[in-house]
Amino acid sequence: MNLGPDGTWTPEEMKRAQALAAVLRERSSAPLLAARAPGRVNLIGEHTDYSNLPVLPAAIDRSTVVVAARRRDGVVSATNINSWFTARAFELRNQIAPFEAGDWGNYIKAAAQGLVTYSRALGRRTNLKGIDLIVDGQVPVAAGLSSSAALTVALTLAMAAVNEIETQQLELAQLAARSERYVGTMAGGMDQAASVLGRRDHALFIEFDPLRALPVRIATDAVLVVADSLERADKSGKLRAEYNRRVVECAVAARLIGKALGFSNIRVLGDVVRLNPARSSDEWIAVLDDCVNTTVDGLEEAARLLEVSPSGLRADLFGSGANRDAIEHPARLKIRERARHVFREMARVHCAIAALRRGDLETIGELMNESHLSLALDFEVSTERLNRMVACARSAGGLGARLTGAGFGGSILALCRPSKVAEVIEALDKGFYARIGVFDPRAVRGVFRASSGASVIELSEGSA
Ligand code: GLA
């Protein structure tokens, strides 16, 4: 079982677990487990993970806590202390059909389906055991802070523990990332890796294929101010189609570069970079400009340029499985700008890590500002609100500010010296929140601290 050290639980999280346990004990006499998983904020490296290029996030001190008890049958039954999310139940099967798109229950099904598939791949013959679950999520929802990854990771940990399935941390991060794609977003693995591997007061330099993570200490004079635009960045809504379009655009860019250079095994931009890791991002951009059109008229046109069948390309890009039909097939694809962002962002991640190691916060701030501009202009995932917020934070003395997460709403992250935090927060309150009619924004902005990653513990009878 994946028992994390008890020290990773804050007293406040233990209290939440005990409150959930008291409720669950009324329904179940089985021994109880509790899992916690944090959300994440991304310092830099946005929209690079699904190209298998590096990111620099940190797990945050806002978490999801789940308390669980084994059942005798094969039913998964979940309640949420937030009454907005109504109770959900379903039976464990080899193929679990999703609820309607947008239903929170799909994250429970995602974790369950992921674990069913995983345990079958391990060769386990016995069916997974059903589970009673109760959830307390304190990661702001649809705010770009990975509440969905926190939920998926916590559920995966709880279900794995109930079924006595051992997972190492890296394996768990990858499993949860695969599982979450069940909801129809073709996301990379940053969020789940940050949630699993987080370290107190550290950012994580995460690389993919193979997944690995190196904690990098965040200097004590670097304060992370996070502020929610209150524009819902909901992965099951509009964001999903726009997000998936970016994934496809980057994958098509990679394949077009690969083809022009004579390589048939290139799938994502990370494969391109690995052809010659010594090349700088500017050199890759020159290659890109040489061999790839600015836009491609759609997937048919992409297939024609790549000399592959359109159906083959579709299957290759979108895969198959539950909810896949919910992915909107993109029409016109923007290729050059998207790939340009990814190459430059990759370079910024490397510079930011070096700067973080030497405590050079000014440079990190500048890189964050550049990242935001690139996300706004080349990647087109910022919004008017996010732009206004980063402007407020910078004008009040923030070292740098950028949207964090997928964009299309959600939150900004401002990096500040301790002496500037109050001013930056005041600038956001007056220059942004008051203007959108939020006069008490304390619950939607504040200082976040890098926290430790997910873990599961047994709750003894006496602890509730
Ligand atoms: C979402 C996805 C991540 C990542 C970011 C953008 O959070 O879940 O995998 O792609 O967007 O960097």
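The shell around the ligand is made up of 5 nonpolar, 3 polar and 5 charged residues; here Ala, Val, Leu, Ile, Met, Phe, Trp, Tyr, Cys and Pro count as nonpolar, Asp, Glu, Lys and Arg as charged, and the others, Gly among them, as polar. The model is predicted: local features need pLDDT of at least 70, side-chain atom pairs count only at pLDDT 80 or more, and totals for chains, interfaces and linings use all residues. Residues are numbered from 1 along each chain as its sequence is written, and side-chain values use heavy atoms, with hydrogens and water left out.

The ligand is surrounded by 13 residues, the closest being Glu 46, His 47, Asp 49, Asp 191 and Tyr 243 (a heavy atom within 4 Å).

| Residue | Polar atom in | Distance to a ligand oxygen |
|---|---|---|
| Asp 49 | side chain | 2.5 Å |
| Gly 188 | backbone | 3.2 Å |

Taken alone, the ligand exposes 310 Å², and the protein buries 99% of that (Shrake-Rupley method, 1.4 Å probe).

By an automatic or database domain assignment, the protein has domain 1 (11-44 + 57-217 + 452-463), domain 2 (226-235 + 362-448) and domain 3 (241-337). Domain 1 and domain 2 each supply at least three residues to the shell around the ligand. The centres of domain 1 and domain 3, taken over C-alpha atoms, are 32 Å apart. Between these two domains, 12 residues of domain 1 are in contact with 11 residues of domain 3 (heavy atoms within 4.5 Å).

Methods: A polar contact is a pair of N or O atoms within 3.5 Å; within protein, one must be able to donate a hydrogen and the other to accept it, and residues adjacent in sequence count only if both atoms are side-chain atoms.
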